[in-house]
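Please keep the viewer open as you go.

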Amino acid sequence: MTDDRRWMYRRRGPRGDYDDEFFNGLQQFFDFVYSRPGVHPNAKIRCPCSKCGNLPHHNRALVTDHLLRYGCMDAYSVWWAHGETLSNNVDPWFAASDVASSSNIEEHVNAADDFHHMVYDAFCPSENDRHRNETEFAPENVGDAPNRHAQSFYDLLRASTIPLGPASNDQTLLGWLSYMLHTKAKNNISGVGYNEIIHGCRKLLSPEDQQKVPSNFYEAKKFMKNLSLGYVKIDVCVNNCFLYYGDEAKSLTACLVCGEPRYKRCNSAQTRKKDRPRNSLWYLPIIPCLQRLYMSRKTAEHMTWHLKCCVDSEILIHPAQSIAWKHFDAVHPSFAADPRNVRLGLATDGFNPWGHSSRSYSCWPVFIVVYNLPPEMCMRPEFTFLTLVISGPKSPGKNIDVFLRPLIDDLKRLWSSGVETFDSFRKQNFTMRAMLMWTITDFPGYGMVSGWSTHGRLSCPYCMEMTRAFYLQNGRKISFFDCHRQFLPASHSYRMDTTQFLKGRFEFGPPPP
């Protein structure tokens with residue numbers, strides 16, 4: 001079998017037809033898979049196409065069809081899901097991405113301890129890092145003492161390996177507690193009922209094991225709280241003009257801007273229900289998300305990948321090679337001195353949760369993207385953090401800055417003072433800082449986030465007063481027709497064309513600076 005597997009990402013030739021090298025490579029792939037001991041010639045195998053991603057099992061014909069139609073999944077030159085291990089014989093052209101994305105996933109395919117992995121799901125977002133030996137995370141193996149957030153991870157990881165009772169080597173405290181809480185939620189058991197069940201179960205355990213098990217529902221929730229990142233629900237004015245955020249706004253019952261009441265009053269005087277807020281914002285703090293990127297040794301190592309990327313390459317493969325990135329490093333050398341500081345991007349857009357129904361509703365989620373990671377990791381869902389949910393039903397419009405306030409406060413804290421974070425790869429605590437480099441929106445969203453008016457003659461943020469837009473007298477609208485000729489080379493024939501564009505108009509001007 002050849003070590004050069006570039007054929008996996010070269011399905012089609014120059015004329016658009018399927019390449020013979022790709023068919024030969026497919027034959028080599030199937031020969032390798034079905035030649036393994038214990039694999040039946042007609043057995044179903046994992047499909048490595050970009051759509052299936054090695055999750056479902058299909059027969060040989062369907063796998064072939066998927067690979068021809070969708071192509072191979074990214075970073076799969078090492079066929080770890082089909083029995084191959086990473087070796088020195090693999091083409092080094094793929095080595096960097098495969099080490100980052102497939103060397104440890106093979107353990108995930110055969111993993112059995114779901115509750116142990118649940119801890120890694122909460123504290124280590126990358127699938128690659130769920131299965132590292134827990135001794136690598138033990139506090140006694142690090143140089144610095146872990147901070148409080150890191151210590152909570154070690155405590156929970158230790159709980160995932162504590163057996164309950166001498167005959168329960170396969171049942172751990174975390175697994176049993178997760179099962180009990182799931183059963184309570186599934187069967188709608190009250191808190192009192194849960195406490196009585198726990199009281200009976202504790203009697204079956206030895207006095208030593210009874211001390212390990214939380215005695216009531218409150219203690220169980222407190223123990224499991226470290227698995228979640230948590231969220232904050234903040235009341236908002238119904239007109240999107242004021243956020244009841246901060247200590248000074250907790251006692252307010254009406255908006256300070258428009259005077260609208262904060263709560264929707266209950267009609268019945270006999271009911272015990274509390275008044276409900278008329279509008280709410282959900283905020284998922286970004287600081288714990290960024291701290292947990294450094295809780296995994298593998299992810300923490302990749303957080304400094306941007307420093308080692310090919311910054312001198314003529315092909316732009318990462319934002320670290322961009323002019324904006326380099327300019328920021330030159331302006332803020334103290335921030336750039338520590339490569340562990342985080343560069344972020346903000347993305348938002350509105351959508352209707354009910355699809356194309358007649359109900360008018362606009363929900364705006366706000367996401368944060370981490371640009372420190374390699375290209376094959378930074379756009380994965382597990383590294384894209386949902387930070388705000390602006391629930392509507394109306395679009396926030398120009399008042400979106402009101403909703404962004406809690407996120408901006410955290411970003412200002414990360415920029416000015418930073419937060420203490422434990423780096424599990426270098427085994428030390430450090431002050432992590434972060435900054436927002438880019439925003440990702442469509443053009444109407446650009447106007448909302450930046451505050452620039454995207455309507456009228458001066459709507460283009462680059463042309464501004466140098467725009468070639470003009471007003472249609474009969475249509476009573478602004479037209480941007482014939483604005484593109486200024487970007488053509490000075491000697492281009494279209495600049496002197498007076499028939500196919502605006503009649504009698506030559507274009508001599510340069511493009512906007």
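**Surface residues and a cavity**

Phe 480 is partly exposed, with a relative accessible area of 39% (partly exposed lies between buried, under 20%, and exposed, over 50%, with a 1.4 Å probe and protein chains only). This is a predicted model, where local features need pLDDT of at least 70, side-chain atom pairs count only at pLDDT 80 or more, and totals for chains, interfaces and linings use all residues. Residues are numbered from 1 along each chain as its sequence is written, and side-chain values use heavy atoms, leaving out hydrogens and water.

**Around Phe 480**
- Phe 480 sits in the segment after strand E14 (478-479) (strands are DSSP runs of at least two residues, helices of at least four, numbered from the N terminus).
- Together with Tyr 471 and Ile 478, Phe 480 forms a nonpolar surface patch of about 260 Å² accessible area.

**Around Ser 417**
- Ser 417 lies in the loop between helix H17 (405-416) and strand E10 (419-423).
- Ser 417 is partly exposed, at 48% relative accessible area.
- The C-alpha atoms of Ser 417 and Arg 433 are separated by 7.3 Å, with the two residues 16 apart along the chain.

**The cavity**
- One cavity of 30 Å³ or more turns up in a search of the whole structure (a set of points on a 1 Å grid where a 1.4 Å probe fits but cannot get out, with lining residues having an atom within 4 Å of a point).
- The largest cavity has a volume of about 70 Å³.
- Its lining includes Trp 7, Phe 29 and Trp 79.

Note on methods. Patches are made of residues with over 30% relative accessible area and no salt bridge: like charges are joined within 9 Å, nonpolar side chains (Val, Leu, Ile, Met, Phe, Trp, Tyr) within 5 Å. Accessible areas come from the Shrake-Rupley method with a 1.4 Å probe; for residues, only the protein chains shown count as cover. A salt bridge is a side-chain nitrogen of Lys or Arg within 4 Å of a carboxyl oxygen of Asp or Glu. On a 1 Å grid over the protein atoms alone, a cavity is a set of points where a 1.4 Å probe fits but cannot get out, and a pocket is an open set with protein on both sides within 12 Å along at least five of seven lines; lining residues have an atom within 4 Å of a point. Grid points are joined across faces, edges and corners, and a volume is the space filled by probe spheres set on the points.
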